[in-house]
Amino acid sequence: MAREKYRFNTRGGRVFDVFNVVLLSAIGVIALVPFVFVIAGSFATEAELATRSFFLWPETFSLRAYESILTSPAFIRAIITTILVTAVGTAIQLLLTATMAYPLSKSNLPGGRVVLYAVIVTLVFGGGMIPTFLVVKDLGLLDTYWALILPLAINPFSLIIIKNFFQQLPAELEEAAKIDGANELQTLWRIILPLSTPVLATFALFYAVGIWNDFMSPLLYLNDSSMWTLQMFLRQVTVATDLSIVDADPSQLPPAQGIKFAVIVVATLPILLFYPFLQKHFAKGMLIGSVKG
Amino acid sequence: MTILGSTESNAVTATEVLVVPHKKRRKGVRAHFSQFKWLYLLLLPGLIYFATFRYGPMYGAIIAFKDYVPFLGIQDSPWVGFRHFEDFFSSPDFPRLLANTLILALLSLVVAFPLTIVTALLLNELRLNIVKRSVQTLIYIPHFLSWTVVASLTYLLFALDIGPLTQLINGVLGTDISFLTDPAWFRPIIVLQDIWKNTGWGTIIFLAALASVDTEQYEAAIIDGAGRFQRVWHITLPSIRPTIIVLLVLQMGQVLNTGFEQIYLMTNALNRQVADVFDTYVYFMGITQGSYSYSTAVGLFKAVVGVILIFGANWIARRFNQTGIF
């Protein structure tokens, strides 16, 4: 097919090809440039940040901004909190989703269809922000990290996709387990879940990125600023320009502008580190989620 | 094509018939259910979750018709009928919120959506696979960043005086605009963020559709002397039309769902007039000011209109070419 295209190449076509490569490369660069700027800025001195508005490489290399935030107890606490909440939250959410998807994948389970319809309803309709807030409040979850994990524990879309995946696994394997005397609990744990690792990994990433990036839940449910996650901390520094939260060493003048750059870099770093996996698995996940017939 | 519908197979596996003999099934309801006990046990945590965090709030939404007093609780707070809805519809906030929300949705529909299709078409025309893959790798990155990071980048790039984009645009226009607080620049910046974050990622679904276009049609068109643009116009676009329509339908159902986080982070005292949308208004009225019932009424109105829009758009899409999403 590619060769066919070349055979019927025209001059106009070739000009277009060059134009196309240039244009798309420019689009790619636009996606990347803000990061390069922020990374460069995080290593620059305050004087440079005050005088040069744009650069991709700092003139004088400085680690002052990172020193300030990495010696800030509030910032370290926010990082550790966010990592823990993301790890524990992802495990809980994935486990809940998989254990619910398995019984729903059994078409002969009495009541299964009713539950499935109840799940589908939640895809198009929800109680809204305030009633959800009141549920969290009435359960006494305000100002606890559970509020960041439990209200979003099962994503109905993920649930349905995992259920569909379980359904198309070969039934013979489960039958063999049953004959060997295993109950469904053991079958799920020993046979179904190990067979589904790639799919589960994809949804684990979905959940992990969701928790790491979540800003709305901590905004709604965490009043105590000592409990804040990285996203809340970031907003306080960059959007609200409140550097008091960093609580940097007062004996040295903290690099106010550099701190903003450095906090953005740290908040983005894990996403960039995991990006190769994210790209591969998310693209796949998005396509199973939407094109599946 | 069904997205929401399940592809339920009614295959009762061979073992169920073999292992569970008929006699056992007839033993009665209790015996019947006991064979499913492990499955019900597995279902239980999920059921509790949906009852608590999905259906709980739906029940709680009845406070839209009550005067919710925290110490009385949802059940015992007094009913007030549609008073909160009447208050909302007659307040000057309503037309303003509606206009702000619809304008943002419309901008996204006419600017961001076509841009995604065009980018996908351009990527599809790339012949060098290396370039294609590198560009894709780059333009997918912003999708994974939180709105907090995107907002932070925006605040740096558009910072007063020193921000690179502030200097660039003010330099070109010869103006002295403060982009982050100027109400006239709120919408362009929101659309810009939206494009930067989501255009690349949005191309995935179109690229998948483009990959499945029958290549024989192209070969036939080439032999008939069709140029490149003619091929795109007469073959490529018509063959991804169902995808375009489905996504358009999905987006129309989301018209009132301006992303809360994005708008909230870009809202400040000076641009509230154009920035307030239903989602952020619910937050400010409910959480900041504590008017639980009133803000729940606003949220409920939004949710109900949202459901109507989804089904309405789906109905329209079906009438067009039988490819609804339900």
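Chain A has a radius of gyration of 25 Å, whereas a compact globule of 293 residues would have one near 19 Å; the radius is taken over C-alpha atoms, and the globule rule is 2.2 Å times the number of residues to the power 0.38. The C-alpha trace of chain A spans about 75 × 70 × 35 Å along its principal axes.

This is a predicted model, in which local features need pLDDT of at least 70, side-chain atom pairs count only at pLDDT 80 or more, and totals for chains, interfaces and linings use all residues. Residues are numbered from 1 along each chain as its sequence is written, while chains are lettered from A and ligands numbered from 1 in the order in which they are written.

**The two chains**

Helices (H or I, at least four residues) and strands (E, at least two) are DSSP runs, numbered from the N terminus. A residue is buried if 20 or more other C-beta atoms lie within 10 Å of its own, exposed if 12 or fewer, and partly exposed in between, with C-beta atoms placed from the backbone.

Two residues are in contact if their C-beta atoms, placed from the backbone, lie within 7 Å. Among contacts in chain A between residues at least 6 apart in sequence, those joining residues at least 24 apart make up 71%. In chain B, residues 24 or more positions apart account for 65% of the contacts with a separation of 6 or more.

**Contact between the chains**

Chain A contributes 88 residues and chain B 87 residues to the contact. On the side of chain A that touches chain B, helix α2 (residues 11-42) of chain A gives the most, with 14 residues. By class, this side of chain A has 56 nonpolar, 23 polar and 9 charged residues. Here Ala, Val, Leu, Ile, Met, Phe, Trp, Tyr, Cys and Pro count as nonpolar, Asp, Glu, Lys and Arg as charged, and the others, Gly among them, as polar.

**Domains of chain A**

Chain A is divided into domain 1 (2-62) and domain 2 (66-291), with bounds that come from an automatic or database domain assignment. The centres of the two domains, taken over C-alpha atoms, are separated by 33 Å. Their contact takes 8 residues from domain 1 and 7 residues from domain 2 of chain A. On the domain 1 side, α2 and α3 (46-51) of chain A each give two or more residues, and α2(A) gives the most, with 4 residues.

**The nonpolar core**

A nonpolar core is a set of buried Ala, Val, Leu, Ile, Met, Phe, Trp, Tyr and Cys residues joined through C-beta atoms within 7 Å. The largest has 135 residues, and those with the most contacts inside it are I162(A), F233(A), V263(A), I264(A) and V298(B). Helix α18 (residues 292-321) of chain B supplies the largest share of this core, 10 residues. At least three residues come from each of domain 1 and domain 2 of chain A. Leaving aside residues up to four places away in sequence, V263(A) touches I69(A), F233(A), L234(A), V237(A) and T238(A).

**Helix α11 of chain A**

In helix α11 (residues 184-195) of chain A, the buried residues are E184(A), T187(A), L188(A) and I192(A). Seen down the axis of α11(A), these residues fall within an arc of 95°, so they line one face of the helix; the arc is that of the directions from the helix axis to the C-beta atoms. R190(A) and P194(A), on the other side of α11(A), are exposed. The buried residues of α11(A) pack against α5 (73-104), α9 (156-167) and α10 (171-179) of chain A, together with α4 (37-60) of chain B.
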